Amino acid sequence: MLITTATDGGGKVSFVNYAVPAFLQQCFLCKRKLLPAQDIYMYQGDRGFCSVECRCRQILMDEEDIIKKANCSLAAMKPSSSSAGRRRRDAGRSRAGGSGY
């Protein structure tokens, strides 16, 4: 998309065309066309949104993704129930007088 602006250089009107960056052409979330005369709501520097609602929905979705990834990482770090049971059995064998099955 090209934007045309008029400049007045001492009684002389000239027009300047410049290209709009791709991220300002449509809403990042709903894909609605962004128009130069309307407000554009930015998030993370390179994401343009048509409304506060679209921007907030994207922020919430990003936060949910971060929480899910953090929970997956924590679950991977926790010992599994099978390894915890194995440790209990091993601990019983090492005690004096303990049975070895």
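**Close-up views of a predicted model**

**View 1. Helix α1 and its buried residues.** Cys54, Gln58 and Asp62 are buried in α1, where buried means under 20% relative accessible area, exposed means over 50%, and partly exposed lies in between (1.4 Å probe, protein chains only). β3 and β4 are among the elements that cover the buried residues of α1. Helix α1 spans residues 52-77, 26 residues in total, and its first and last C-alpha atoms lie 38 Å apart, close to the 38 Å expected at 1.5 Å a residue. That expected span is 1.5 Å times one less than the number of residues. Helices (H or I, at least four residues) and strands (E, at least two) are DSSP runs, numbered from the N terminus.

This is a predicted model, in which local features need pLDDT of at least 70, side-chain atom pairs count only at pLDDT 80 or more, and totals for chains, interfaces and linings use all residues. Residues are numbered from 1 along each chain as its sequence is written, and side-chain values use heavy atoms, with hydrogens and water left out.

**View 2. The largest nonpolar core.** Look for Cys27, Leu34, Tyr43, Phe49, Cys50 and Cys54, the 6 residues of this core. A nonpolar core is a set of buried Ala, Val, Leu, Ile, Met, Phe, Trp, Tyr and Cys residues joined through side-chain atoms within 4.5 Å. Leaving out residues up to four places away in sequence, Cys50 touches Cys27, Cys30, Arg32, Leu34, Asp39 and Tyr41; contact means heavy atoms within 4.5 Å.

**View 3. Two loop residues with positive phi.** Lys31 sits in the loop between β2 (13-19) and β3 (41-43). Although Lys31 is not a glycine, its phi is positive, about 70 degrees. Gln44, in the loop between β3 and β4 (47-49), is not a glycine either and has a positive phi of about 60 degrees.
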